[in-house]
Amino acid sequence: MHIGLIGLGKMGFNMRERLRRKGLTVIGFDRNPDLSDVASLDELVKMLPVPRLVWVMVPAGLATDGVIQELSSRLTHGDLVIDGGNSKFTDDQRHGLELLEKGVSFIDCGVSGGVWGLENGYGLMVGGNPVDVERAMPVFDALGPEGSREERFVHVGDSGAGHYAKMVHNGIEYGLMQAYAEGYELLVAKDIIKDVPGTFRAWQKGTVVRSWLLDLMVKALEEDPELSKVAGYVEDSGEGRWTVEEAIANEVATPAITAALFARFASRQENAPSLKMVAALRNQFGGHAVRAPKDSV
C-alpha cells in the first residue's frame with residue numbers, strides 16, 4: 001500500500017518509520033528538506049498511485065487549514081485525506097466539506113502515543129465514512145500496537161468524532177497528570193519522606209494508580225531527581241481548553257479537568273514543584289519542550 005505523509009515532526013517522522021517497518025510504501029513531505037523525501041507537495045501528489053491516500057500530520061489550526069487548501073487544488077476524485085493532527089472537531093467538518101467539493105474523501109484521526117509510538121504503536125480514534133475507514137485500515141493496523149484491534153482502534157462515528165474523542169482523551173490526561181504532580185509536591189514537602197523517587201517506583205506494580213504516566217514520572221525523576229532542569233511553566237496545546245468549552249456547552253461537570261487546565265495557567269505565574277512535574281511529564285511522553293529555570297538561563 002502507498003501513502004503520502006505530510007509533516008515529519010516529532011510524531012510524523014516516527015510514524016513514517018513505523019509504517020515502513022510494517023511494509024507500507026511511504027512518501028514523506030516536510031518543509032524541512034533534510035527530512036523530506038520529495039522537494040514539493042506537487043511531487044508527492046505526482047508520485048502517489050491513483051486513487052491517492054494522504055495523511056496530514058501538521059499542527060492544528062492555520063497550518064492544517066493551509067495544507068487542506070493546497071491538497072484540495074491538487075487531488076482528484078476518489079482520493080482520500082486523513083488528518084492525524086490535533087485539529088478541533090469543528091475544523092474537521094469544514095475540511096471534509098471543502099474536500100468533498102473536489103470528490104475527495106476525508107477522515108479525522110486522533111492519535112495517541114507521543115514520541116514512543118515508533119516502538120509501542122499508537123492508539124487511534126477515527127471519524128468518517130465507514131467505506132473510507134475500511135479503505136485505510138491497513139494504515140491504521142500498521143500504526144497500532146500489537147494485539148486485538150479493539151484495544152487500539154475505534155471508529156468513533158461521523159466526521160469530527162475521532163478528534164472529539166482525542167480531545168476528551170487529552171482532557172483526561174490533563175487531570176491525571178495534575179493528580180500525580182500534586183501527589184509529588186506533597187511528598188516533597190513532608191520531611192519524613194526520604195525517598196520520593198522510590199515511592200513512585202514502588203507504585204509501578206500492583207497498585208491501583210499504576211499507569212504508563214506513572215512509569216514516565218519515575219523515568220523523569222531518574223533522569224533529574226530534583227527536576228532542576230525544568231521550570232514550572234506548562235503550556236496547553238488546545239485540547240484541554242476545548243474539552244472545558246464542550247463541558248460548558250453540554251452542561252457536563254468536569255471539575256478535575258477544569259482545575260488541571262487552570263493550574264497550567266497558574267504555572268505561568270509561579271514555579272510550584274507540581275507544575276515542574278507536569279512539564280517534565282509532557283516532555284517524557286510527547287517530547288514537548290520545557291523551559292529552564294530562570295536562574296539557570
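Helix α3 passes helix α4 in a right-handed crossing (the near helix is turned clockwise from the far one by less than a right angle). The model is predicted, with local features needing pLDDT of at least 70, side-chain atom pairs counting only at pLDDT 80 or more, and totals for chains, interfaces and linings using all residues. Residues are numbered from 1 along each chain as its sequence is written, and side-chain values use heavy atoms, without hydrogens and water.

Helix α3 spans residues 62-72 and helix α4 residues 89-100. Helices are DSSP runs (H or I, at least four residues), numbered from the N terminus. The two axes come within 9 Å and cross at roughly 15°. Axes are lines fitted to C-alpha atoms over the stretch in contact, and angles run from 0 to 180 degrees between N-to-C directions. α3 is therefore roughly parallel to α4 (an angle under 35 degrees). Thr-64, Asp-65, Ile-68, Gln-69 and Ser-72 in α3 meet Arg-94, His-95, Glu-98 and Leu-99 in α4. Contact means heavy atoms within 4.5 Å. Two of these residues are nonpolar, four polar and three charged (Ala, Val, Leu, Ile, Met, Phe, Trp, Tyr, Cys and Pro count as nonpolar; Asp, Glu, Lys and Arg as charged; the others, Gly among them, as polar).

A second pair is formed by α8 (residues 161-189) and α13 (residues 273-286). Their axes come within 8 Å and cross at roughly 130°. The crossing is right-handed. Residues in contact include Met-177 and Ala-181 of α8, and Leu-281 and Phe-285 of α13. By class, the contact has nine nonpolar, two polar and four charged residues.

Methods. Helices (H or I, at least four residues) and strands (E, at least two) are DSSP runs, numbered from the N terminus. Angles under 35 degrees count as roughly parallel, over 145 as roughly antiparallel, 65 to 115 as roughly perpendicular and the rest as oblique.
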